[in-house]
Amino acid sequence: MHALRWPFLLGVSLLLASCATERTPGLHLTGDPLADGENAIEHGPVRDQVLWQYRTGLAALRRGQYDLAKRYLDEAIARISNIYGKDESASKARGYFAAEAKKTFIGEPYERAMAYFYRGILY
């Protein structure tokens, strides 16, 4: 009986010590991608806005709500362009090293390319 106790205690301790997902105050997810996306864009952290614009635009595209998809993808593309543009504050921000959690999400290169691809489909 004692031989089974240690693996069990080890398993329970690992489960209790596992990482917890950080919740954003005021951001309540309903399971509806459009409602959740709109809520996250409006009330979530600014650094995650492009992520939610990608997700919400794609959800609208899948539902056939093309005008809404255009709006969110255009907003995401405009924000990406500002970060890589000639804006003085953008170039200053690119020069700093920061913790990953503090960086503004713009996506990996393939994610940025897909925003343009999906927007092209809507044309």
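Helices here are DSSP runs of H or I at least four residues long, numbered from the N terminus. This is a predicted model, where local features need pLDDT of at least 70 and side-chain atom pairs count only at pLDDT 80 or more, while totals for chains, interfaces and linings use all residues. Residues are numbered from 1 along each chain as its sequence is written, and side-chain values use heavy atoms, with hydrogens and water left out.

**Helix H3**

- Eleven of the 15 residues in H3 are buried, so the helix is mostly covered; buried means under 20% relative accessible area, exposed means over 50%, and partly exposed is in between, using a 1.4 Å probe and protein chains only.
- Among the buried residues of H3 are Trp52, Tyr54, Gly57 and Ala60.

**The nonpolar cores**

- A nonpolar core is a set of buried Ala, Val, Leu, Ile, Met, Phe, Trp, Tyr and Cys residues joined through side-chain atoms within 4.5 Å.
- The largest one has 13 residues, and Leu34, Ala60, Leu61, Leu68, Ala69 and Leu122 touch the most other members.
- H2, H3 and H4 are the elements that give two or more residues to this core, and H3 provides the largest share, with five.
- Ala60 touches Leu34, Gln65, Leu68 and Ala69, leaving out residues up to four places away in sequence. (Contact means heavy atoms within 4.5 Å.)
- Apart from this core lies another one of six residues, including Val50, Ala76, Ile77 and Ile80.
- Ala69 is part of helix H4 and counts as buried, at 0% relative accessibility.
- Beyond its neighbours within four places in sequence, Ala69 is in contact with Gly57, Ala60, Leu61 and Leu122.
- Ala69 and Ala59 are ten residues apart along the chain, with 7.6 Å between their C-alpha atoms.

**Salt bridges**

- The structure holds three salt bridges, each being a side-chain nitrogen of Lys or Arg within 4 Å of a carboxyl oxygen of Asp or Glu.
- Asp32 pairs with Arg63, with the closest N and O atoms 2.6 Å apart. Asp32 lies in the loop between helix H1 (2-16) and helix H2 (33-43) and Arg63 in helix H3, so the pair ties together parts that are 31 residues apart in sequence.
- Asp32 is partly exposed at 27% relative accessibility, and Arg63 is partly exposed too, at 46%.
- Glu75 pairs with Arg71, with the closest N and O atoms 3.7 Å apart. These two are separated by about one helical turn, because they are four residues apart in helix H4 (residues 66-84).
- Asp74 pairs with Arg119, with the closest N and O atoms 2.4 Å apart. This pair links distant parts of the chain, with Asp74 in helix H4 and Arg119 in helix H6, 45 residues apart.
- Asp74 is partly exposed at 34% relative accessibility, whereas Arg119 is buried at 7%.

**A patch on the surface**

- Met114, Phe117 and Ile121 form a nonpolar surface patch with about 280 Å² of accessible area together, and Ile121 belongs to helix H6 (residues 109-122).
- Patches are made of residues with over 30% relative accessible area and no salt bridge, with like charges joined within 9 Å and nonpolar side chains (Val, Leu, Ile, Met, Phe, Trp, Tyr) within 5 Å.
- Accessible areas come from the Shrake-Rupley method with a 1.4 Å probe, and for residues only the protein chains shown count as cover.
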